[in-house]
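Please read the points with the structure open.

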Amino acid sequence: MELNQPWWIDVPKAFVIINLVLLTFAYVTLLERKLLGRMQLRYGPNRAGPYGLLQPIADLVKLVRKEAFAPSAAIDVLYIAAPVLAAITALFAFAVIPWGPVWTIGDYNVTGWVADVPIALILIFAIGSLGIYGFIVGGWASTSKYSLLGSMRTCAQMVSYEVSLALSVLGVVLMAGSLSLVDIAVKQQETVWFVGPQFVGFVIFLIAGVAETNRAPFDLPEGESEIVAGYHTEYSGMRWGLFQMAEYINMVTLSALGVALFFGSWGGPGLPGPIWFLIKLFIALFVFIWIRATLPRLRYDQLMRFGWKVLLPVATINAVVTAILVVAL
């Protein structure tokens, strides 16, 4: 349908969404530490503010005030720009995630998304591919062999699992008949959530998504026992904080993408659409944290073998079978 939403509604909405994503990132760090503490029979952060609720603010103040050291041989412009690129691309990707329906306020429409792009799914994968350059360039520009090893491992892992991740959602695209995330969400509310008919694709999406965000057990790019801390070995202060922010926002964005693709986005009975979206989003984030608390880190040869020899063929077969069924029906 034709929407009447002028730019002066879009701009403040985009500003609010960006700040909500940043707030979510901050408190996901607290949620992770609290949940890991409970799962390991210990307390999480509980000193900064009531129940530790001000811990993310304390962490931010610490990172901003901490002196940022840099290697004397570092390539200055690229060394500084790399974490900025990683953080910005992570934030941009959330712009096409639908989190609510269309509301009519007076003579105007207010949509539950920032931008409805006809090729939104391709756009998210393209932005994610650009974000990889932040990690690779940061490791290379540090002029440290440990950082370079970490950035090479990051490149190998993220590029290889991107293939499986992209193929895992082809079945969803074929069933919805569109690359727009808004169309995919609406289609699920008219028919059925795609997690059922596309369960194989969802499992592959989950595994490849964990690898794409460098989360345990796929946190080989930051293998502290092998290469100190990976691509951000030579970073400190807020520059290091930007890399961490990029990792967590990528996790939030990927969780939101999974909700939009497989769980009907804002769809649900009784509650307003954005509330349902947030409930599903935090369940997805809980699964990320649960996996970290449960599974040990894979060896590098296990990691690459799992990606190419297991996920890629299964994702390809799932996409081909879905295409045949869609054509047949």
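1. A pocket, searched for on a 1 Å grid over the protein atoms alone, is an open set of points with protein on both sides within 12 Å along at least five of seven lines; a cavity is a set where a 1.4 Å probe fits but cannot get out, and lining residues have an atom within 4 Å of a point. Grid points are joined across faces, edges and corners, and a volume is the space filled by probe spheres set on the points.

2. The model is predicted: local features need pLDDT of at least 70 and side-chain atom pairs pLDDT 80 or more, while totals for chains, interfaces and linings use all residues. Residues are numbered from 1 along each chain as its sequence is written, and side-chain values use heavy atoms, without hydrogens and water.

3. The second largest pocket has 17 lining residues, with Leu 20, Val 21, Thr 24, Leu 278 and Leu 281 nearest its centre. Helices H1 and H11 (273–294) each give two or more residues to this lining (helices are DSSP runs of H or I, at least four residues, numbered from the N terminus). H1 supplies the largest share, nine residues. The volume of the second largest pocket is about 360 Å³.

4. The largest pocket has a volume of about 660 Å³. Among its 26 lining residues, Phe 25, Thr 29, Asp 59, Leu 63 and Trp 240 lie nearest the centre. Helices H1 (7–39), H2 (55–65) and H10 (237–262) each give two or more residues to the lining of the largest pocket.

5. Two cavities of 30 Å³ or more are found in the whole structure. The largest holds about 290 Å³, and Ile 124, Gly 128, Glu 212, Asn 250 and Leu 254 are the closest to its centre among 20 lining residues. Helix H4 gives the largest share of this lining, seven residues. The second largest cavity, of about 40 Å³, also has Glu 212 and Asn 250 in its lining, together with residues including Asn 214 and Tyr 231.

6. Helix H8 (residues 199–212) spans 19 Å between its first and last C-alpha, close to the 20 Å expected at 1.5 Å a residue (1.5 Å times one less than the number of residues). Its buried residues (under 20% relative accessible area, 1.4 Å probe, protein chains only) include Phe 205 and Glu 212. Phe 205 is in contact (heavy atoms within 4.5 Å) with residues including Leu 165, Leu 254 and Leu 257, its neighbours within four places in sequence left aside. Just after H8, Asn 214 has a positive phi of about 60°.

How values were computed. Buried < 20%, exposed > 50% of the residue type's maximum accessible area, 1.4 Å probe, protein only.
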